[in-house]
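Hi everyone, thanks for coming.

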Amino acid sequence: ELGATPHQLGLMVSVFAVTQTIGQLGSNALLTWVSPRRQLPLGQASYAAANFLIATSQAATPLIVFRGLAGFGGGLSIIADRLYLARVADRARLAFSNGVISAAGSSGSVLGPLFGGVLAAIDLRIPFLVVGFTATLAAIAALGFLPAEPPAPPPARAPGEAAGGLGRLAG
């Protein structure tokens with residue numbers, strides 16, 4: 001439909017994975033300025049916007065770029081939800097809570113393409129519109145309904161490290 005070459009088809013898949021990894025690493029870098037609670041809607045909103053753009057794409061090259069944006073937003077959300085959970089979950093149920101998030105992610109990885117394939121049989125753009133819509137709902141829910149995080153604990157110091165951070169230089 002888009003007249004994509006085999007190389008472009010490969011990029012449509014791989015660019016998502018690469019930028020998802022970058023988003024996951026970027027989540028940590030953003031922690032100085034943006035809390036996990038605020039990274040969640042940011043990641044979901046960029047994921048939603050990218051999927052709406054994918055649905056409207058008329059050529060392979062923009063679709064590749066939009067897949068990259070979707071990967072970044074998805075990666076940001078993956079790490080932000082784990083960090084947020086670690087800060088707000090009851091310590092006695094942290095492993096269970098983490099298991100629920102992990103199971104939901106795994107289920108989505110299997111069921112998403114299954115449902116997407118059924119919807120794509122109707123029109124190739126529908127799965128991306130559905131994902132854009134559900135990610136928009138997730139972003140709105142994250143903005144409006146997540147409880148505040150407790151203050152982040154101070155960064156841990158290495159054994160023997162001085163308060164000024166010179167312990168490693170001296171040791």
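Let me begin with one residue. Setting aside residues up to four places away in sequence, Arg-37 touches Tyr-84, Leu-146, Pro-147, Ala-148 and Glu-149, where contact means heavy atoms within 4.5 Å.

A quick word on what you are looking at. This is a predicted model, in which local features need pLDDT of at least 70 and side-chain atom pairs count only at pLDDT 80 or more, while totals for chains, interfaces and linings use all residues. Residues are numbered from 1 along each chain as its sequence is written, and side-chain values use heavy atoms, with hydrogens and water left out.

Back to our arginine. Arg-37 sits in helix H2, residues 36–56; helices here are DSSP runs of H or I with at least four residues, strands are runs of E with at least two, and both are numbered from the N terminus. A salt bridge is a side-chain nitrogen of Lys or Arg within 4 Å of a carboxyl oxygen of Asp or Glu. The Arg-37 side chain does reach the backbone oxygen of Pro-147, at 3.4 Å.

So where does Glu-149 find a partner? Its side chain meets that of Arg-87 in a salt bridge, at 2.9 Å from N to O. Arg-87 lies in helix H3 and Glu-149 in the loop between helix H5 (126–145) and helix H6 (167–170), so this pair ties together parts that are 62 residues apart in sequence. Glu-149 is buried, at 17% relative accessible area, whereas Arg-87 is partly exposed at 24%.

The structure holds two salt bridges. Asp-81 and Arg-82 also meet in one, at 3.7 Å from N to O. Asp-81 is partly exposed at 23% relative accessibility, and Arg-82 is partly exposed too, at 34%.

Gln-39 is buried, with a relative accessible area of 0%. Its side chain makes a polar contact with the side chain of Ser-27 at 2.5 Å; that term means a pair of N or O atoms within 3.5 Å, where within protein one must be able to donate a hydrogen and the other to accept it, and residues adjacent in sequence count only if both atoms are side-chain atoms. A polar atom of the Gln-39 side chain also lies 3.0 Å from the backbone oxygen of Val-34.

On to the nonpolar side. The largest nonpolar core has nine residues, including Met-12, Phe-16, Ala-50 and Ala-70; such a core is a set of buried Ala, Val, Leu, Ile, Met, Phe, Trp, Tyr and Cys residues joined through side-chain atoms within 4.5 Å. Which helix gives the largest share of this core? That would be H3, with four residues. Beyond its neighbours within four places in sequence, Ala-70 contacts Phe-16, Tyr-47, Ala-50, Asn-51 and Ile-54.

Finally, the whole chain. There are six helices and zero strands, and buried residues make up 27% of the 171 residues.

Key. Buried < 20%, exposed > 50% of the residue type's maximum accessible area, 1.4 Å probe, protein only.
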